[in-house]
Amino acid sequence: MRTPASGRQQALKRKRVVTSCSECYRRKQRCDRKSPCNNCLARNIPNKCIFNTLLP
Ligand SMILES: [Zn+2]
């Protein structure tokens, strides 16, 4: 007996994690999270590619 898609599990809570470097975050660009990331490399400002991990 097969049951149709009867509800998904929503066990995972979403944490608000900053997934962009400071420059991508400021420009609201998509960051590939490398160091330096693609955008900072393209802008030739790899030294501004800083990842701020918010620690409690
Ligand atoms: Zn970036």
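This is a predicted model: local features need pLDDT of at least 70, side-chain atom pairs count only at pLDDT 80 or more; totals for chains, interfaces and linings use all residues.
1. **Overall make-up.** The protein chain has 56 residues, and 16% of them are buried. Its secondary structure consists of 2 helices and 0 strands. Among contacts with a separation of 6 or more, 26% link residues 24 or more positions apart.

2. **The annotated domain.** UniProt lists residues 20-51 as "domain: Zn(2)-C6 fungal-type", in an unreviewed entry. In the model, that stretch is 34% helix and 0% strand. Its end C-alpha atoms are 7 Å apart.

3. **The core.** Which residues make up the largest nonpolar core? There are 6 of them: Cys21, Cys24, Cys31, Cys37, Cys40 and Cys49. As background, nonpolar side chains tend to be buried together in soluble globular proteins.

4. **Cysteine 40.** Start with this core member. Leave out residues up to four places away in sequence, and Cys40 touches Cys21, Glu23, Ile45, Pro46, Lys48 and Cys49. Two of these partners, Cys21 and Cys49, also belong to the largest nonpolar core.

5. **Glutamate 23.** This residue lies in helix α1, which covers residues 22-27. Is Glu23 buried, partly exposed or exposed? Glu23 is partly exposed, because 19 other C-beta atoms lie within 10 Å and the buried class needs 20 or more. With residues up to four places away set aside, Glu23 touches Asn39, Cys40, Ile45, Lys48 and Cys49. The C-alpha atoms of Glu23 and Cys37 are separated by 9.7 Å, and the two residues are 14 apart along the chain.

6. **Isoleucine 45.** Find Ile45 in the segment after α2. Ile45 counts as exposed because it has 12 C-beta neighbours inside 10 Å, and the exposed class takes 12 or fewer. Beyond its neighbours within four places in sequence, Ile45 is in contact with Glu23 and Cys40. Ile45 and Glu23 are 22 residues apart along the chain, with their C-alpha atoms separated by 9.2 Å.

7. **The cis bond.** Look at the loop between α1 and α2 (38-42), where Pro36 is found. A cis peptide bond joins Ser35 and Pro36, with omega about 0 degrees. For context, most peptide bonds are trans, and most residues other than glycine have a negative phi.

8. **Asparagine 44.** Here too phi is positive: Asn44 is not a glycine, yet its phi is about 65 degrees. Asn44 lies in the segment after α2. Its 9 C-beta neighbours inside 10 Å are why Asn44 counts as exposed.

9. **Putting it together.** Cys40 is part of the largest nonpolar core. Cys40 touches both Glu23 and Ile45. Glu23 and Ile45 also touch each other. So trace this trio in the viewer: Glu23 is partly exposed, while Ile45 is exposed.

Methods: Residues are numbered from 1 along each chain as its sequence is written. UniProt positions are given in the numbering used here, feature names are shortened, and annotations may be inferred rather than shown by experiment. Helices (H or I, at least four residues) and strands (E, at least two) are DSSP runs, numbered from the N terminus. A nonpolar core is a set of buried Ala, Val, Leu, Ile, Met, Phe, Trp, Tyr and Cys residues joined through C-beta atoms within 7 Å. Two residues are in contact if their C-beta atoms, placed from the backbone, lie within 7 Å.
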